[in-house]
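Here is a friendly tour of a protein model, going from the whole chain to a single residue. Please have a look at the structure before reading on.

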Amino acid sequence: NHFILHNYKVLGNRYDIPKLVKELDIEKIIIAIPSADSKNIREIYDLSTSTGITVRILPSYNEILDTKSMSSQIRDVEVEDLLGREPIEINNEKITSYIEGKIIFVTGGAGSIGSELCRQIANHNPSKIVCIDINENALYFLELEIKRNISNINIVSEICNIREKEKLEYLFNKYNPNLVYHAAAHKHVPLMENNPEEAIKNNIFGTKNMIDLAEKYHVERFVLISTDKAVNPTNIMGATKRVTEILLEVKARKSNTKFMAVRFGNVLGSNGSVIPIFKKLISEKKNITLTHPEITRYFMTIPEASQLVLEAGSIGNGGEVFVLDMGQPVKIIDLAKNLIALSGLTLGVDIHIDVVGLRPGEKLYEELLYDVNSAEKTSNKKIFVTKLRDEGIKIEDFLMELQELIINKKFKNIKECLKKYVSTYKEADYN
């Protein structure tokens, strides 16, 4: 007896896949369960690939586009499907209610998170999206893509470096934004260890420009994209992002603008993350280099992180740091093994993994983004909220010292200056 669905016989469950492929001479398998979590996707994928035939997938609910047919959205299975697909529930009505009809700035708008924020904001009927970046090509192609997918969307691209306050002021005056999502930052840990002055100029002083102008031009809400690396930072990048949170808190106390931060960990497939690097090495059949066999990181998909950022922005009253639940940490070595398997290569035969040791500023395990005892749940079970603390910093003195070090090109003293003022910043101990 077979179960009948829409006049079609259902021949079995996932465990029957290997037998049915042989019996029926199946040529292709499509995993069409948009609601499935990564654990189930992984199991179905493993059972399917054991047959040696092509396996494809329909995206999750978060990624499916209403404007396209289902069949056109079937794609190859990616590592994100196997590791990062816990279904999330979003309060779309609440998000629409505070985005609809608004003029919205997204800085770093052409980057991994910024571009996805633009795509998702475009679905909530804004009056205008102003996408700000200095990467002209990525900015141009993003605008074309969004206009192609959403008719009548009002999106404009502005080339601007957030360090240049005069140009920023021109844009704030020109557009008078209601909401600002500030995603522009230098994020690459080893590069910022070698170029601390750039992290200071971009992450700290660039963010200060944005915060000051948001208040001056009466922005309703300002959402800073922060990072788990701001929690007890062990590197320059994390320390500068911690400072941006402090700048936000100082301003939030005495401003009508609602300033808030959202912290999350690594996003799967973002520019500069391990996945594009590993994929490139695999395509060239070069060995994958891994800093430590036990190194783990929290991961989240870009669409998921962006949707939660939008919802957190709708919840905030000002002065909060929102923390996204990143799920379970993933071993980077398992990530590498998954990517090798997805590419059709055999580990130990076609390609090897070389362990090379931790890099400056790198942690073996990343901490939770929050103190479990002090963080409170919000209306979304994947978003926690904790109050920002300013660590008692004399902020004007601190900024003046940093400015003088940069003017006098005393870049080697920047690290000590950060340690002096950011009490939680301690370099990693490799002994």
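The report below covers the chain as a whole and then one residue.

This is a predicted model, in which local features need pLDDT of at least 70 and side-chain atom pairs count only at pLDDT 80 or more, while totals for chains, interfaces and linings use all residues. Residues are numbered from 1 along each chain as its sequence is written, and side-chain values use heavy atoms, with hydrogens and water left out.

Let us begin with the fold. The protein chain has 15 helices and 20 strands, taken as DSSP runs numbered from the N terminus (helices: H or I, at least four residues; strands: E, at least two). Its C-alpha trace spans about 75 × 55 × 45 Å along the principal axes. Among contacts (heavy atoms within 4.5 Å) between residues at least 6 apart in sequence, 77% join residues at least 24 apart.

Some values for the protein chain:

| Property | Value |
|---|---|
| Radius of gyration | 23 Å |
| Accessible surface | about 21,000 Å² |
| Distance between the centres of positive and negative side chains | 2 Å |

The radius is taken over C-alpha atoms, and the surface comes from the Shrake-Rupley method with a 1.4 Å probe. Carbon and sulfur atoms hold 49% of that surface. There are 56 positive and 58 negative side chains, counting Lys and Arg as positive and Asp and Glu as negative, without His and the chain ends; each charge is placed at NZ of Lys, CZ of Arg, CG of Asp or CD of Glu.

Now for one residue. Gln-307 sits in helix H12 (residues 302-315). Is Gln-307 buried or exposed? With a relative accessible area of 13%, Gln-307 is buried, a term meaning under 20% (1.4 Å probe, protein chains only). The C-alpha atoms of Gln-307 and Leu-117 are 7.6 Å apart, although 190 residues separate the two along the chain.

Definitions and conventions. Rg over C-alpha atoms; globule rule 2.2 N^0.38 Å. Buried < 20%, exposed > 50% of the residue type's maximum accessible area, 1.4 Å probe, protein only.
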